[in-house]
Every structure is written in structure tokens, then in C-alpha cells.
Amino acid sequence: MADFYQSGVIVTLHKLGRPSLEKIESEIFEFSKQRPIALVLPALYAEFKADALKGIVEELKKVKYINEIVLSLGRATDDEFKKAKEFMSVLPHDVKIIHNEGKRVKEIYATLERNGLQPGEDGKGRSTWMAYGYVIANGKSDVIALHDCDIVTYNREMLARLCYPVVNPNIDVAFCKGYYSRITDRMHGRVTRLLITPLVRSLQKLVGFHPFLVFLDSFRYSLAGEFCMVTDLARVMRIPWDWGLEVGVLAEVFRNYSARRVCQVDIADNYEHKHQPLSAEDAQKGLMRMCVDISKSIFRILAAEGIVFSDSLFKSLEVAYMRQAEDTMLKYEADAAINSLVFDRHEEAKAVEAFANAIKQAAQIFIENPMGTPLIPNWNRVGSAIPGIFDMLKKAVEEDNK
Amino acid sequence: MDNFINLLFQPFRNFWASLAAFLPNLFAMLLIILSGFLIAWLARKLFLRLFTAINFDVWCDKAGLTAIIRKGDIWTRPSDFFGRIIYLIFIIIFLMIGLSALRLPTIGNLTSQFFLYMPRALSALFILIIGYIIAGFVARGILIAAVNSGYHYAKLLAEAVRVLLIVLILAMALEQFGIAPGVVIAAFSIIFGGIVLSLAIAFGVGGIDTAKRIIEKRLEEKKEEKGNIEHL
Amino acid sequence: MDKADILVGIASYNNAKTIDHVVRAVDAGLAKYFSAKKAVIVNSDGGSRDGTQDIVKTTTLDHAAMFLTYPVYPAHRISMPYDGIPGKGSAFRLIFQKAVEMQADACCVVDADLRSITPEWIELLLSPVIKGGFDFVAPLYSRHKYDGTITNSIVYPMTRALYGQRIRQPIGGDFGFSGRLAEFYLKQNVWETHVARFGIDIWMTTEAVANGFKVCQTFLGAKIHDPKDPGADLADMLLQVVVTLFNLTGKYFDKWKDIKGSVNVPACGFRYHVGLEPVKVNVKNMLDIFREGVDNLKLIWTNVLGPGDFGEVEAISHQPDDKFRFPLGLWTRVIYDYASAYHKKIMSSEHLIKSLAPLYLAKTASFIMEAADMDHEGAEAEIEKLCMEFEEKKEYLVNNWR
């Protein structure tokens, strides 16, 4: 992205010219003495068999400024956990793996549940939340950076650019989200392009000016899974454990900080992650579920912000969304043409139809039960409900990692 | 000849007689121990029921008891853990009763001593638990009071009091337990006296300046009018 | 016993210096404003040893006077309550009893150590009951902007946010009330609890508002009383007021949980402000104690406030003395956290509330510096801001109650 236009209410940090990785890394290294950084990596055991993680580990070996790495491992047996530990042991950092399926961490989930603090179902939301809990319990890091473990095009510049705005006291940003374009021979990222942006813009048309909608629309890639934040935010954040996670995080950032302290940063020229091999039907189901969760999450946040959702509003929303999405599609068609990219109009149109369907479903679910998905309680609340929870969590992770 | 055979078989007969006398004891022991296992198992079930009914786990979580168990790397539910302890206590008691049923002099001594110790051990444990709670309570009270009066070494003071109290309680518990009482008292006097003396010296030597400063500060405060606002 | 229309109660304990003045003022007030009514003065004494009772007995009065003595247990004498009257609750109980026995229509109580009481006070406290049909008359005083900080930063904002009634001086000490309310007070089963010893003021106010009695305020002018024991321990004072406040908060959860916002309480009397002579306050001393608290009470505070808010508290402790400010939002959460910690009985109530003292001092220091250049209205506006914060954050208390 070669422009330097500031769009929206948040700060946008572009990639301009040829920034020196060496230089910002050495700066981060200095800053991180004051504000130590924890890197949180949510991963499934299946990812240990793929190449992406190998590449990530190789890159991370060269990163000096990370204080601790917390890998939150899902769907792994005890044996697999051991293998994962071995795999990660090549890193020179203080690496801790949270064994979410292990007896100790499971017991922690059970403790939360019996005290009425539902941590939700297994998934990325819950396991990253647990990782934040460990970082808080350990008390050694003031900044948390997070990215997925399936990035094929991983480059340590991503991490550096992600951390820089938060650790640099002169920028003093509380939350920094990554953005990038996802292009092969075509454009990817359909959910962001054709669901979220048109949905948010049509909502803006219907309900008028609303600070949260403006805020959400300011993000160039609101579903990007890469971000960096101050640990304090992790304490007060209440996030959904379903697919509404990313949007939920943005809502919590909006609630707790002014837009001035929020930024997005261009972290990569190109970004590709490993596609989960799924059958077409499953993929459809999975995608559908994701879109429903995201739409629901947006409705819930707006309702909490005081917007009243009625049947008629939802009806007009469906129409407005269709129109908005079609307009957007035209823009991308032109964009694809000039860049000689493949553009399958039929596929895109089918996606829009599916998304419209998802919005409809989400509206229905929302009207039936506005409190839909319960959020994971924030760590402050958990800490005051169960006084010893942080000690327990720390002990559990340390014992597992012995 | 008869005599000789008698002589030869007498030991066997004796053995048989004592075996015959002993076997019922052995059976009694086995029976007692077996029923002990059964009763222990039942007691554990019963307690687990009770624990579930009173939401014991949640209570443990809130009271911080769970956190203490976890420190020992025990990751079962608190009620399971305490259920197991109850089970073990029952087993030990029945083992002891069973062994005493053997009526062997050495084991008899052992078991009678065990039962003699039981109440002492329990009361020692009781003293430890109550004492631990009291020490924590007193130390916290002192800490808060010291902070509120602006004393600079509040935590040190509170910790010192806590350590002293715990030493005192440990000595009391050991004394109750009856392990070499003379040694315990001597050791306690030495340790307690030592701590007090070293504290006194530490405060004396290290604290002269501080004490001077505190007194000077007090005097100064007296001079300059203390802030007089009404809090209520 | 004969019926009396009006009953004036004076609780005393070693008030020989001032009681004469108070009794005369009461007597004159009754003669001047209520000459047509049958009135009686009840002095309830805790066994003074400086001749307080003799003075009352020898004062020539136009009205019938009654002298009652209630027992003060030696234990109660050890820690002197903030109002200087051990067992003031027991004293009031006798007054309520007499009011009920004599079927009084209107009653009032005044402190025995008042120097600024005038005959008008009697009219101001009783008329709203007799003529206005009110059940409870709370006092309004003109006070120095620095005075009454426990009232201003804890008791007033909290009672206002909880019960939705803006009673400015819930712990004033001089109240008027109807016979009906006296009967209600007497029936409450609290006379063997700590209410008998201290906190009767906040108890009377809260019971009246929580149970839907008609409440108003009356402007009495300046409140000047005999200088109290300067050695009175702040932490003890805080304990006595806050214990009762928090107990009632627990008792009336069902009544306050749904109340939102607050309404003005009608006020009568002529309002004027006293001058603001500069008062020298040792802010540094207050902040020193606060910082000692941050260093030493970390465990307790983290337990009560949670690690997040403790972090905030720790962060503000690093501000330089002259720029020290305690954010209103944080203070509100602190008080609400303490209220719910008290409710959940996470530690002995004495320890809990005494550990609030350093935080309270910090808040007071912050207020004193903020209000340094303000006039009366400015300081009052500051308090109003805090109250709004309490009202807005009330949901936080409700959510954390359970």
C-alpha cells in the first residue's frame, strides 16, 4: 500500500518506502526493557504438523525483544503436548505452553464453571483468553502481542511492526491491529470485504452517525487476527468465545480507550495463511456459522451502545445491505481488472447471498435472545470471585511445562 | 522311646496349638481390615454426597483452600481430595484396630501407642490450623494499623509478628504432640529469644538514624499545626 | 403517661460545657414557635461524670423535661464513637420509646455539643413534620468546603446513588421525624447490634429513604460544635460510619438494585454560605500514608479491588505530590468494590474497612488540592460530578453483588 491517507478515527500507520527492520527492532529492544512484551500464540496441535509453524519458529529465533512466549495449545493429547513442547524448545525465549486439554488446565476451567464464570466452548477465543490470564498471573509483561500460527508468509517484520506502536512510549498506543492485503491470483478476505464493511456502512445509513460504527469502519481489516495491546486491556476485556471474537475485541477497545490511542498498522505486503482442508459442505457450514456469529456480535454491541433493534430495522437492513454489497462488489471488480486479478463474479455474488442469509439468521437469533452468546468474564472479575485463581493458573502452567 | 517321640513332636504340637490359637486372631484381623475398607469406602461416598450438597468445592475456591491444594500440585476437585483423606484416615484406623486383633505384644504396643497419640495428634493439628489463622489475622490487623499511622516499616513489623506467632504455635503444637518436650522448649526458647534479640539489635543498630528521624518528624509535626479538617 | 405533641431528644455524654446552651435554645424555640403545643424535652444521658445531668436538671425551663440514663458498657467506652457519645443508638432508642409512649406527633433530636444551635433550629426541624406532612427531616449545614469529606466522598454519593434521593447530609446528627417513623425505628430489630453503639445517623436516614418515608431537608446554617478529641483515630471513624452504611447496603439490596438516577429532595430554610477562611491541611502527610498503603497493603487491596484497579491505584501513587489526582471513576470503583467485598465477607469487616483509610486519605488529598482555588459552588460542583459517577457506575455494583 503506497498511499499515506489517514482514514477514519483511529491512527493508521502505513508502510512507506523501505523501513529498516534492523532499526525498529533495536528500538523495540530498548523500549521493551521498560515495557516487556509477551507473545501469545493460539495453536491447535494439527498446526504442528504443518510447515507454517516451522517457519514461524525459525523467524522467532531471531527475535530478541520478546520477554515470554505463551502458546495456548488446543486439541492435543498429553503425548502431543510433549511433542509440541519439544518442538518449541528450540526457541531461546522463555516459552510456556498452555495445555488446554491437560488435567490441570481442565480443572481450572472446571473451577471457573462451578463458580458461575462460564469460559465458553473450546476455541480460539477461550484459549487466547486463558493465555492472557497466564500473562497477567505471571505479571512479567506489560504488553501482549498475538498472531495465529498458520501464517505461511510469516516474517518477523510483522511482529516488529505490530509491537512497535504499543511499546514506543512516544506513540503510546493501547491497542494496535495489523492490516494487509490478501492476494494470490485473486483477492481473498471475502468476509471482511463483502460482509463486514457493507454491513457496517448500511447500518450507518439506517441509524445515522454512531461512534462505534465509525470506529469499526475505520479498520481496514477488522477480521485480522494479529494485534498487540497493553496487558491492562486484557484484564478488563470481556470477549465472546465464538467467531464474534475479533469484533468483540474491537468493541472492548472502543469502550475502554479513546480512538486516539488505537491504531492499525500495515504489517505485510502480502499475507497468506494455510487454508483448512474442509469439504465444500463443511466449509459452507463453517463460513455460515462464522458470518452469523459476527453479525450477531455486531448487533449485540450496538444494542449495548443504546441502539434499538426492531423487526422493521432488520428488514430495512437486509435491503440496505444487499445494495451496499452489490455496490462494493462492483468496486472490487474494477479493482481486480486493473490489477489483472481473477474475479469470479458468480462466486462473489453467491457469497453476498449467503452473507445476506447469515444476517437474516443472526437477526432472528438476536430478536429471540438478545443476550445470545454469553461473553467470557473479564479477568478482573474472575480474580475477585476466586481469590487464588492466578496462583492456580500459574502453578498449572508451570507444572505442565516442567 | 515314647519319651523321645514325645520330645520330638512336642514342638510341633506346641506350634499347632499356638497356630490354632492364633488363626482366629488372624481371621479377625482380616475381617476387620476388610470391613474397614468397606466402611472407608462408604464414608467417602457419604462425604462426597455431603460435599456436593453443600457446594463444598465452590466454598473452597472462594476461601482460597483450592489454591493451597493446587500449590501442592494436586489437581483433583477439592471434595475428591478431602474425600480421599477421609478414606485414608479410616483405612489407617481400621488397620491399627485389625493389627491389635492379632494380640501380638509388639504390635499391641504399637497400636496402643498409635491410639494414645491420636487425640494428641488431632489437637496438635487443631492448634496448627487455628494458630495459623490467628497469626494471619493478627498480622493483618497490625499491618493495617501500622500503615494508617504512617509507620514506614509496616510490612516488616507485621511479618515479624507473624513469624514470631508461628514459631510460638509450632512450639505449642510440637509440645502437644509430645515429641521430646524438653528439646522443643529449649529450641523454642533459643529461636524465639534469638529472633527477638536479633530484631532488637537490628532495630537498635540499624534504626538509630530512623528513630531519630521519626522523633524529629514527630516534633516538627507538633510544631506545625496538624491539618484540621473535619472528616465527617 | 400523658400525651405530648412534640418531643425533643438530646443525647449527651460529658457535655457539661455546652448542654446548658443547647437546652435553653431548645426551650426558647419551643416557646417561640410552638407555644400552643404540648412539648417535652428528653435528655438521654450515658452516665456522664462531669455533671451534665445536674446542669440540665437545674436549668429552669418552660417545658416539661425528662431525664433518662441508659447504661454504657465499659467496652463501649474504650473506643469512643465519632459523635462523642458512646452508645448513642441506645440513647436514641430511649428517645424513640418515649416518643411512642407519649404518642408524640413530631420529634427531633439535636446534638448536645452544639455551639451554633439557635431557637430557630427547633422550628426548622419540626415544622416540616407538623405542617408539611414529612416523616423525616435531614439537616443541611453550611460548612467549609474541606469539611465533611467522609460524607462528601463516600456517604453522600453512595446513599444518593443507591436510594435515588439527594440527601446532602445523611449523617448530620440533627434530625426531625414523625411519631410514625419513631415507632418504625423502635420496631427494628437492631438495638442489640452495633447500631446501638455507632452509626445511628446513617441508619436513621437510610431506613427512612429505603422504606419510602416522606423525606425533606432543612437548612440550619453553620454547624459548630465543641472541639472533639483530636486524637480520634481516622480509621476508627471510617469503620464506624462505613460498617453501618455497608450493612444497610446489604440489607436493602432488593430495594436499591433497580433504582436509577436520583431526584432532588425538597429543602426548606434560608440558604447561605459561610466564608472560606483558609484552612491549613497537611496533604503530604495524607499522601505519605497512602503510599505506605500501596507498598504494604498490596495483598489486601488486590484482593478487594482486583489486580486491574490495584494497578491503577499503584500508577497514581507515582504522581508527584503537587499534581496528585485521584480519578473519580477509580474512586467510585474502589468504594463499590469495598461494598461488595464487605458483602462477600472476604475478610474481617474491621480489617477490610480500616484498609480503606489510606485510599480515603488519597482521595481527600486529591479533593483538597483540586478545590484549593474553588469557591463554595465550585467545590460543590466537584462533589456533584462524583455523585454522577456513582450513579452511572451503579450497574457495576449490582453486577458484582451476587
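Predicted model: local features only at pLDDT ≥ 70, side-chain atom pairs only at ≥ 80, totals over all residues.
Author: In chain A, eight strands make an open sheet with mixed pairing, in the order β1-β8-β6-β7-β5-β2-β3-β4.

Reader: What makes β1 and β4 of chain A edge strands?

Author: Pairing takes at least two bridges between two strands. β1 (11–13) and β4 (94–99) of chain A each have a single partner strand, so one side of each is left without a neighbour in the sheet. Averaged over the sheet, and with direction ignored, neighbouring strands are turned by 20° against each other.

Reader: How do you know that β5 and β7 of chain A pair?

Author: Count the bridges: the cut-off is at least two, and β5 (residues 143–146) and β7 (residues 227–230) of chain A have four, in the antiparallel sense. So they count as a pair. Val143(A), for one, has Val230(A) as its bridge partner in β7(A).

Reader: And what is the strand order of the open sheet in chain C?

Author: That sheet has eight strands in the order β3-β2-β1-β4-β7-β5-β8-β10, with mixed pairing. Its edge strands are β3 (64–69) and β10 (267–268) of chain C, since each pairs on one side only. Helix α1 (residues 19–33) of chain C packs on the sheet and touches β1 (6–12), β2 (39–45) and β4 (106–111) of chain C. The direction of α1 makes about 175° with that of β1(C).

Reader: In which sense do β5 and β8 of chain C pair, and over how many bridges?

Author: Parallel, over seven bridges, between residues 136–142 of β5 and residues 215–222 of β8 in chain C. With at least two needed, they count as paired. Leu140(C) stands opposite Phe219(C) in β8(C).

Reader: Why is chain B described as helices without strands?

Author: Because a strand needs a DSSP run of at least two E residues and a helix a run of at least four; chain B comes out with seven helices and zero strands. Along the sequence the pattern reads α-α-α-α-α-α-α. Of the 232 residues in chain B, 15% are buried, a label that takes 20 or more other C-beta atoms within 10 Å.

Reader: How many residues of chain B and chain C are in contact?

Author: 19 residues of chain B are in contact with 28 of chain C, where contact is C-beta atoms within 7 Å. On the chain B side, α5 (105–148) and α6 (154–177) give two or more residues each, and α5(B) gives the most, with seven. That side divides into seven nonpolar, seven polar and five charged residues.

Methods: Residues numbered from 1 in each chain as written. Chains lettered and ligands numbered in written order. Contact = placed C-beta atoms within 7 Å. Axes fitted to C-alpha atoms, helices over the stretch in contact; angles between N-to-C directions. Nonpolar A, V, L, I, M, F, W, Y, C, P; charged D, E, K, R; others polar. Buried ≥ 20, exposed ≤ 12 C-beta atoms within 10 Å, placed from the backbone.
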